[in-house]
Every structure is written in structure tokens, then in C-alpha cells.
Amino acid sequence: MKHSNGRGRSLVPGLLGMLAAAGIGTGTVRGESAEPPGGAPVTPGEGSVRGSFLTRTSVLWSSPRWQEFRRVWRVLDEFTPEDGDYSRSHLEPKEAEKLRIELQDAIMGLESVREELGLGETELRLFSRLARDRLELLSYGVRFPTTRMMPPPVHDQTFDLVPVIEARIDTIRELRQRGLLTGPEMQGAFEALRNAAELYCLLETVNMNTGYDGRLRDQTWPVDADRIQDHLDSLRVSMTSGPAVSRDTPPDDLERIEDEFRRLEESLDDTRARLPLIRDMLISLELI
């Protein structure tokens, strides 16, 4: 990719449209703290990039490693079934394997410069998983190759969101091709994508923290980002409190259950803190 002054000039209208499409103005962005007096806003979490939305996206934009990941991501965007049916394969095996290698190389490249890009392990892991799930969906459809051990229900709930995300990317891609970077239509399309991606990230966080021998393994979770914490709190009360629990659960087991809840809650808090940067990554991938 060329890095010339012409690129910078041509990017300005796109950036303005992107700001409008993402619903970013002079006010506080959802999930992000207002700018403190005398200082720039800080995205919470490990490896955060200090500065405004434009600072964070420009750091990503100027990185060849990020641009390679973005290139592979956009290749996946191009596979759009005319009937919107993602239940079947849309990639030939050789093509899928080529993309699998390219994606893995792009992810490894990002990992090598993660800290200088201000990316934490959380958002890089989640975006890597989402990209891989997108490729698996295009390779196999909704039917995965069978495995010996059934995954927890939240695994299926997470993967069920991938066709939804694909469909919302298709809408944005169509609007982008029509040159509609501004206006309520694009803003609504990006908000729909953002909501689906955030829910995917939260459910995938639960999935990554759900072991086969844990008490949370067989739980089904709300497919509503605002209800996940309440569901977790309710499960904690039912599994760790009350006379029946105290009587029937050995102290060592109860301590392990409480530790499982603590780890999951800490991971969910970390993911929520990274949502503003996850939004910026989505903007760079789909709107710029």
C-alpha cells in the first residue's frame, strides 16, 4: 500500500463520513470516559493508546501489519451469497486453505507489533477468533466438522452470531460501494454491526473461560449484552449461596466455584473496558 500525501488528502472526506457513520461527534462515545481536564481520554485496559479516536485509528492505519490483517478481513468481506444464505460453504477447499495461511500469518504479524499499536491481548485474541470463525463459516457453512466432545452451549451461541455479523458486514459493504459513508442508513448499519460484534466478544469471553470440568459449562447465556452480567450474578447466587449449597457442597468445591466466577467476571470486565478500542478496530476494518 502506498503512503503518499495524496492518500492523506483523499482520506479526509472518508474520515468525516466514518465519524458520522459511527455516531462519533464531540460528545462522549458510548462505553468511553469523557476527556479529563487537561488531558486526553484514555481507553481502559492493558496496552491502551492514549489520545482521541483519530489518534487510535491513525496508529492502526499507519501500520503495515494492521493493513495486512485488514486486507485479509476485506477478502472475507467479498464472499457475499446473493441469497444471503450462509448455511453452506462459499469457498473452495484450496482457496480456504490459502486464506487460512494468510490469516494466520497476518495474526502472527499483529502479535509481533501488538504493544506498539496499543493493542491488548484481549481485543487481539477476540478479533483473531472472529476472523477465524468467519473463515470457518465461509468454508463449511453452519455445519462444523464433527468432534468427539460436544462443546458447551455458549460455543454454539457465539458461532451462531457469525452469520449475523456477516450479513451486517454485507449491508455495510453495499453502502460503502455505493459511496454512502454518511447519513442515517450507514450509521444504523454500523451500529447494528457494532452491537453484534460486542455481543460476540462478550459471549466469546464466556466461552474462553468455560472449561469442560467447570460448573458453568452447561449454561446457556442471554443473547443480549445488557443481560449477561445479571445472568452471571444470578448464577453466582444460586451456585454459591443458601443453606442447601453450604450443606451439600464441600468447602474446597465451593472455593473452586467462587474462583471460577471471579475469573469470568474479571475477564468480562476486561472485555467491556476494551469495547471502545474494539469499535475503532471495526471502523478501520469496515468504514475507512
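Mentor: Helices here are DSSP runs of H or I with at least four residues, numbered from the N terminus. The model is a predicted one.

Trainee: In which helix does Gln 229 lie?

Mentor: Helices are counted from the N terminus. By that numbering, Gln 229 lies in helix 8.

Trainee: Is Gln 229 buried or exposed?

Mentor: A residue counts as buried under 20% relative accessible area, and as exposed over 50%. Gln 229 has 18% relative accessibility, so the residue counts as buried.

Trainee: Which side chain does Gln 229 join through a polar contact of 3.2 Å?

Mentor: Leaving aside neighbours within four places in sequence, Gln 229 is in contact with Glu 265 and Arg 272. The polar contact of 3.2 Å joins the side chain of Gln 229 to that of Arg 272.

Trainee: What distance separates the end C-alpha atoms of helix 4?

Mentor: Helix 4 covers residues 93-112, which is 20 residues. At 1.5 Å a residue, helix 4 should therefore span 28 Å. The distance between its end C-alpha atoms agrees with this, at 29 Å.

Trainee: How are the buried residues of helix 4 placed around its axis?

Mentor: The buried residues of helix 4 are Ala 96, Leu 99, Glu 102, Leu 103, Ala 106, Ile 107, Gly 109 and Leu 110. They cover an arc of only 155° around the axis, so they lie on the same side of helix 4.

Trainee: Which exposed residues does the face of helix 4 turned away from its buried side carry?

Mentor: What covers the buried residues of helix 4 includes helix 3 (64-77) and helix 5 (121-140). The face turned away from the buried side carries the exposed residues Pro 93, Lys 94 and Lys 98.

Trainee: What share of the 288 residues in the protein chain is buried?

Mentor: In soluble globular proteins, nonpolar side chains tend to be buried together. In this protein chain of 288 residues, the buried share is 46%.

Conventions
Residues numbered from 1 in each chain as written. Predicted model: local features only at pLDDT ≥ 70, side-chain atom pairs only at ≥ 80, totals over all residues. Heavy atoms only, no water. Helix = DSSP H or I, 4+ residues; strand = E, 2+ residues; numbered from the N terminus. Expected span 1.5 Å × (residues − 1). Buried < 20%, exposed > 50% of the residue type's maximum accessible area, 1.4 Å probe, protein only. Arc of directions from axis to C-beta. Contact = heavy atoms within 4.5 Å. Polar contact = N/O pair within 3.5 Å; in protein donor to acceptor, adjacent residues only side chain to side chain.
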